[in-house]
Every structure is written in structure tokens, then in C-alpha cells.
Amino acid sequence: MILEIKDLWVKAEKRNILKGISMKFEDSKVYGILGPNGSGKTTLAKAIIGIQKISKGKIIFNSKDITKLPPEKRAKLGIFLGFQQTPELEISLQSLLFAIDGEKAEEKIDKLKTFEEEMGIDIKRNLTGLSGGEKKKLEIFEFLYMQPKFAILDEPDSGIDIDSFKILVKAIDFARKEFNPTLVIISHYENIFNYIEPNFVYVLKNGVITKSGGKEVIEGIKRHGYE
Amino acid sequence: MKVLKGMGMNEEKERKLAEKYLKRLDFEKKESPSGYYLNFNSLNAKDFLKESKVQKVQAEAQENSLIFLDNALSTKEKFHKVKKEKFGFDFRKDKFEAFNLAFYKNGVSTKINKDLRLFFISKTSQIVRNFFLIENSNVKIVEFYTGKGFSSISNRFLIKNSVVEHELISNNSSKSFVQDSFKLESSKLIQRSFIKARKEPNLKAFSFEVLESNVIQKASIINPGSQLWVSNFGKVEEKSSVDISLRGIFSKSSTFFESFLESDKKANGSDINIEIKGIKEKNAKVFCIPSLSIKNKNCNAKHSFSTMELENEEIEYLKAKGIDGKAVKKIIKENILRWWKL
């Protein structure tokens, strides 16, 4: 097991967003987290990376309690969050990668040149004034660059066109072959799981897990929705 | 990289700084001329009278596509004829001449009609006046002031049928002022300023006359002191575009940005845009005073100004990517300041 969440509670503005969630993630497996808008999916992702304050519970990573670890240290351990929405920043992805890795970044970026070109992104451009799709593609590029052990991609499929979707699927296939991370894909559309087959699925609604299981859970959602 | 020696630039520290900076500018990667390290304050009136020295310097300058003349000559009535021969017009009729006479201490007049790059580095605590006449050329000029004391820079540019990149780096100067003026005809000017002001008030004033030309002015300012920035477009005429954008980091002080912009009646179809963005630290005050006078209905003019404090969302995003707290603020600031190079 690479990561375990035990009885996780998150409270915001006097309301419980997550209500005692427990989950287990194994090495190199693909997980789907589905749920309607406002079910707490993004809050869960932020709690795992450490930028969401939790009121109760534990997060164990590689047998180590990381509940009180700051986000930058969690990232250095190999946890990655591909954000659903990135802030406007007067900084380029390239600068960010150089800040993380120094001179080594150049060589690592070079190895991903093909993806940069296929995605049609410019990593030297500042993270301002970008479309939702462009931001998503930069997050995917960063995911490939970082080669994390445990990656959460928060709605990587929303706001991107069909060609970008194909590149996303290709990038994930590439990642699985190259560094084979545990992959957690958050989405409220089941379509992405037609292309990236999950080993296990969690359904989140109103801050609790309402269903979990194999890909048959997705079939149930297709037929009956989240009700 | 070719370094011109024996031209008043003999200090090892400055030479090393120049070489380091030239490397950053990628001068070496470009084709001939391969880059010059040139002190404009090289010749004085006495030197000019010594024919042999003048010939030697002129030969060297010609070889390197440079023509220069010390402005000390402009104070001597008897040299007006020479200047007219050298520069093709009468300095006495130019207003800049009067300005120079009043404030003159150092500087140079440079006529450029070939593609070239000029680099000027100085730890000056003095007044520098440069006059550039640029025609039918593609030119890059870099001025780098490393001094911590008083400095005053005033450039006058007359640019015709040319593309000019002008970079001004003013490092650690205090009580300084820059007062540059530009007149453009059928040309493009990209001007970038990086200013690290300190303690004392600073003035940066730029005036422009623009005819059928494009002007891009970008600046990054670290400003612990008080800063007054004035971009004065006294005249923007037809088929022109002006794009000014400033980025600043404002801390513990008051900063004034004043932009005055007047489009001429002839400014048909011209575009004008002034944008100021800043990161404001606690207790800093930033004032922006836009003044627009648009005399042509078909001239598009925009002015925007915004400041922000570093948001938690941004800091958390970068932390989640593996950058620690102190480094997060540093990287955001550095990138705002590096932005001017892009």
C-alpha cells in the first residue's frame, strides 16, 4: 500500500465537507474518484497534498504519517496534484521546474520536448491569461516531468478538446510505462475511464463515500447517475 | 566576444561584469559584429584635436561599425562645422544641445547607420548624456549602471527607418533620474528598463514623439524608495502603436506612476495601451495618475493599473509543487522582475 486515508474530516465555513473518509491506494494501480459537483473531490485532493486543513483523521504515505507534513515536503516525497484550477501566476512552468530542480531541469525538459510540441504548449510562457485547456495541458506536462510515485489528476479531462484529450490519454499511457505511478483520476464524467481503465473506483457524494468497487461501479453510474 | 580596450574602461571588476552581462544577452550567438564593450566617455575635446589619435580611434570605430564623438565638442562654437560634417545637421538648432550645455559632464553623440550592438557599463555617480541618431539600421543598445551613488542619465534618440532595442539597467542607484526622449519615424523601438531603486526618490521620465512607428516600453522595478515614473507621449501620430507595461514590487513606501499621453489629430488608426501591475507588500502605497488626451476618434487608447498582494492560493499552489515558503515568495518576485526580458 502506498497511501492510506483514515477517518478524514474537513470542515470549512462551519460545514463538514468531508465526513470521515477512509481510502486505500496500492502501488502502481489506477483509481477513479467520481462524484457530482460539490461532493468534496477537490477538497480531498487538496487534503492529500496538504493545502487543505483537516479537522480530524490521518494520512499515511509509504507507512509514514504525513498528516502534519507541509505540502512542499509531501511533494518531495513523491506526491503530485495536477490542479483542476491553477491560479494566475507571473511565473512560467519552466521557471517553476528550474526552481525545483535547478540546472537538472533543462535535461529533463528536453526529454519531454515531443510532448511539449504535441500538446502545443509553451512552458516558457507565464501562467497568466491561459485558457482552461492550456492550463490542464501544462499540469499534465508537469506530471510527466515530476515522475511522482502517487499522482492525483483533478478533472484532467474537463475543458479540453478532443485532440487534447487524446494527448492526455497518451501522456498517461507514457507515464504508466515510464515510471508507473499510483494514479488517482478525479472526474465527474465517466468517459475518461473508457480510455484509462481503473483498478478501483470510489464514488463520493456529500462528503462521504457512497460506493466503491471495480469498474462495474462506473457502469452503474452510467445507467443510474449518482442517485 | 570582442572587447575594445584602451577606451577608458580599465577596471577589472567592470570588465568582468560586462563580459558576464554580454554572455547573458547571448551576444556571442549572433553573427558579426560579435558584441562590443565600449565606454562612451573615451574621447575628449583635446583628444579630438590630436589628429593621429582621432584617426586611430576612427579607424577602430569604422572597423567595428561604430562612429562616436565626445559631446565636449558641443560646447565649443568652433566645432559646429565639424559636427555638421560628422552628423549631417546643426546641433545649435537642436534643443537637446541646450540641455546638454546646461548639464553636461559626460556623454557622447553617436551616429549609427549600420546594424550593430552597443554596450555601455558604468559605475557612474555622474551625469551621462548620450545622443543617438539612428537611420536605416537594426540596433541594440544596452546601458548598465552599476553605481550605488547619484546618477543621472539622459538620452536623446532620433530614430528613422530602424529597429532599435534599448535596454537600461540601473542597479542600486539612489537619488537618480533618467530622462530619455525619443523621436521615431517609420521605426520600431523596444525599450526595456530594469531598475533597482534604493532609499531615495527616483525619477524616470520618458518623452516620445511617434510617427508611423511602434513603441514597446517594458519596465521592472524593485522599489524600496519612492519612485516617480512618467511616460509622456507628447505626440502619437498616424499608423502608430504604443504599448507600455510596467511591473513593480512595492514595499514600505509611496510610489507614483504618472502617465501622460496625447494622441495627435493625425493619430488615425493608432493603438495606445498603458498597463501597470504590481505586487504590493504590506504598508506600501501606490498611486497611479493616468492622463489621456486623445484628439482623434479613431485612436484606440487604454489604461489599466492594478496591484496585488501575494495570495494564499498562489503560495499554496507553488508549495504543492515542492517549493518551500521562502522560496515561493522569492520565485514570484524574481519572475516579475525577469519578465522585462521576455
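Guide: Start with the largest nonpolar core, which has 74 residues. I152(A) and V184(A) touch the most other members. Such a core is a set of buried Ala, Val, Leu, Ile, Met, Phe, Trp, Tyr and Cys residues joined through C-beta atoms within 7 Å. Buried means that 20 or more other C-beta atoms lie within 10 Å of a residue's own, with C-beta atoms placed from the backbone; exposed means 12 or fewer, and partly exposed is in between. Helix α6 of chain A, residues 132-146, gives the most to this core: seven residues. Helices are DSSP runs (H or I, at least four residues), numbered from the N terminus.

This is a predicted model, where local features need pLDDT of at least 70, side-chain atom pairs count only at pLDDT 80 or more, and totals for chains, interfaces and linings use all residues. Residues are numbered from 1 along each chain as its sequence is written, while chains are lettered from A and ligands numbered from 1 in the order in which they are written.

Look again at V184(A). Leaving aside neighbours within four places in sequence, V184(A) is in contact (C-beta atoms, placed from the backbone, within 7 Å) with F25(A), Y31(A), I33(A), A151(A) and I152(A). A second, separate core has 46 residues, including I222(B) and V242(B).

Now turn to helix α1 of chain A, residues 41-49. Nine of its nine residues are buried, so α1(A) is largely enclosed by the rest of the structure. Among them are K41(A), L44(A) and I49(A). Just after α1(A), G50(A) takes a positive phi of about 105°.

Notes. Helix = DSSP H or I, 4+ residues; strand = E, 2+ residues; numbered from the N terminus. Contact = placed C-beta atoms within 7 Å.
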